[in-house]
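Please look through the sequence and the model below before reading my points.

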Amino acid sequence: MTGGTAADLPPIRHNDYSPLDPPALGGWDPELPVSVIIPAHGGQHRLDLTLAALAAQTYPGHLMEVIVVDDGSDPPLRLPEIVPDNTRIVTAGPSGWGIAHAVNTGAALAEGRIIQRLDADMVVCREHIEALARWHHLAGYLVTIGAKKFVEEPALTAGRVHEGVRAGSLGSLFDLSGALPSSTEQTISRTNGLRASRNPYHVCTGPTVSMRREIFQAVGGVDPEVLRGEDTEFAYRLAAHGVVFVPDMAAQAVHLGLPAQRRDPRRAVRVVAPYLAHRVPLRRDLRKDRGRHWLVPYVEVVLHADGPEERVREAVGAALDGSLGDVIVTLVAPWSELSGDRRPVLDDPLFDLRLLREHFAHDERVRFADEVSATPAPIPFRYTGPISVPPARDTLERMIRAMQDDRSGMLVVGLGDDGEATLERTEALGRARLLGADDVAASIEATHGVRRGERPEFWPAGPTPSAPAPSRSPAPSAAPVPAPSRAAAGGRDAARPAAERAPGPEQRHQETRQKETRKEGRGSLLGRLRTVLRN
């Protein structure tokens with residue numbers, strides 16, 4: 001029952017995993033080996049309790065290994081007496097520190113097909129590993145999440161924990177009636193087990209979560225640069241990869257000690273905010289600072305540089321100058337053909353392409369690619385359109401709003417003779433890739449839906465001018481437009497007799513010179529030079 005091929009599974013719409021039917025606990029034969037990764041820094045006694053609970057699991061011992069990653073503990077951590085059969089301690093090494101670095105270290109050493117991350121202060125029920133692992137035998141693109149409650153640490157020995165877990169009751173070890181429920185469990189309950197959740201990655205907060213090893217590797221592991229909120233940032237990248245999040249409330253656990261948010265909630269929120277603001281574009285509430293550029297943009301705008309240089313530049317400018325400034329532009333062209341070898345500068349056969357590259361080579365919001373990538377992850381949206389129809393000022397915002405209304409995975413807008421513009425949701429693209437779809441659009445239609453629209457909805461017509469714009473270069477024979485007179489401005493000359501307001505010789509001389517200058521080309525360098533010489 002190792003399932004996982006797209007052909008064997010019904011399509012999962014958004015995060016509604018209802019089509020999957022997991023086996024009953026204890027009523028199936030597991031096949032996939034599991035590697036439990038435990039990052040730890042100090043806390044030897046709590047680690048002893050965690051390992052004692054793992055030693056009492058229902059998941060077959062020969063299919064489970066436990067890797068404790070000691071992240072700079074002083075004194076170093078040791079293996080206690082009660083541990084699962086295949087348990088070892090490794091050090092995180094001198095190349096880094098922190099939870100993310102420790103998890104990545106353990107995952108790199110893992111031999112199991114399933115990666116199970118577990119905190120070093122968690123006491124899990126005996127079916128915990130089995131409950132989460134059973135889903136991975138059905139499909140290869142699931143991320144399973146265990147349940148947890150917070151308790152003040154009671155006086156317990158490892159032996160007592162092992163006996164209590166093996167007997168099948170966490171309630172005999174902890175006063176669960178006074179336990180603090182996790183806020184993630186409330187979200188899970190409110191969204192029908194995350195089936196109706198728009199952003200299920202929000203509840204994938206790390207202390208107990210599992211996935212196939214290839215999924216962990218495909219998204220690049222946990223980001224060691226994120227020192228707080230690393231689990232949320234990691235879960236966001238998993239979502240962009242197209243996974244389905246499955247919470248299993250049968251995978252019960254207690255977390256020893258209250259969460260940091262209870263000790264200093266304001267500081268806990270503040271320390272996470274900058275990390276997520278740069279890396280999770282969907283957190284629009286964290287990107288309110290005007291004029292900022294972020295590590296991960298909200299939208300990638302893909303433009304094929306297959307037209308005149310000026311038209312390409314106009315399209316890039318329109319994309320960067322829209323009402324949604326949180327974008328990056330990818331120009332697609334055979335840039336790799338531009339070598340640095342000696343060449344004729346003016347007669348270069350790739351003259352236009354080189355010129356275009358030089359225009360944008362130093363703009364951090366423009367990048368170059370020979371081909372369109374399979375996915376823009378971790379950027380959540382990708383726009384593709386012809387340079388002949390640059391995005392209007394609010395086109396991107398309108399398109400994203402339309403997709404968010406119905407949660408569609410792709411929006412296709414007809415542009416008449418100019419073709420089409422599309423906006424793709426990255427998680428939908430990721431799901432299509434995970435399913436091995438040959439027809440990406442058809443796959444997205446099945447899992448997220450494809451919406452279609454017309455140009456006026458997303459390129460609204462601008463205001464109609466009341467009069468034609470003046471010509472840029474007036475004809476040489478055009479009569480000069482006199483400057484407003486003092487009479488028109490209500491000055492004192494308005495009350496003087498016409499004879500007194502007649503121009504004198506000097507004024508007539510100046511007017512004659514001005515007319516001659518206009519005939520020679522108003523505004524031209526040569527005209528201005530002749531004027532200077534005459535005067």
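1. P378 sits in the loop between β14 (366-369) and β15 (381-384), where helices (H or I, at least four residues) and strands (E, at least two) are DSSP runs numbered from the N terminus. The peptide bond that joins A377 and P378 is cis, with omega about 10°. A cis peptide bond also joins D74 and P75, with omega about 5°, and P75 is found in the loop between β2 (64-70) and β3 (87-91).

2. Before going further, please keep in mind that this is a predicted model, in which local features need pLDDT of at least 70, side-chain atom pairs count only at pLDDT 80 or more, and totals for chains, interfaces and linings use all residues. Residues are numbered from 1 along each chain as its sequence is written, and side-chain values use heavy atoms, with hydrogens and water left out.

3. Two residues other than glycine deserve a look for their backbone angles: H14 has a positive phi near 55°, and N192 has a positive phi of about 55°. H14 is found in the segment before β1 (34-40), and H14 counts as buried because its relative accessibility is 13%, where buried means under 20% relative accessible area, exposed over 50%, and partly exposed in between (1.4 Å probe, protein chains only). N192, by contrast, lies in the loop between α5 (183-190) and β9 and is partly exposed, with a relative accessible area of 48%.

4. D119 is placed in the loop between β4 (114-118) and β5 (122-124), and with a relative accessible area of 15% this residue is buried. The side chain of D119 makes a polar contact with the side chain of R117 at 2.8 Å; such a contact is a pair of N or O atoms within 3.5 Å, where within protein one must be able to donate a hydrogen and the other to accept it, and residues adjacent in sequence count only if both atoms are side-chain atoms. Leaving aside neighbours within four places in sequence, D119 is in contact (heavy atoms within 4.5 Å) with I38, T50, P207 and H255.

5. T50 is among the buried residues of α1. Nine of the 11 residues of this helix (residues 44-54) are buried, so α1 is largely enclosed by the rest of the structure.

6. R117 returns in the largest cavity, which is lined by 14 residues, with R117, V209, M211, V222 and F234 nearest its centre. The elements that give two or more residues to this lining are β4, β9 (208-212) and α7 (230-241), and the largest share, four residues, comes from α7. About 120 Å³ of space lies in this cavity. On a 1 Å grid over the protein atoms alone, a cavity is a set of points where a 1.4 Å probe fits but cannot get out, a pocket is an open set with protein on both sides within 12 Å along at least five of seven lines, and lining residues have an atom within 4 Å of a point. Grid points are joined across faces, edges and corners, and a volume is the space filled by probe spheres set on the points.

7. How many disulfides does the structure hold? The structure holds zero disulfides, a disulfide being a pair of cysteine sulfur atoms within 2.5 Å. Among the cysteines, C125 is buried at 9% relative accessibility, and C204 is buried at 4%.
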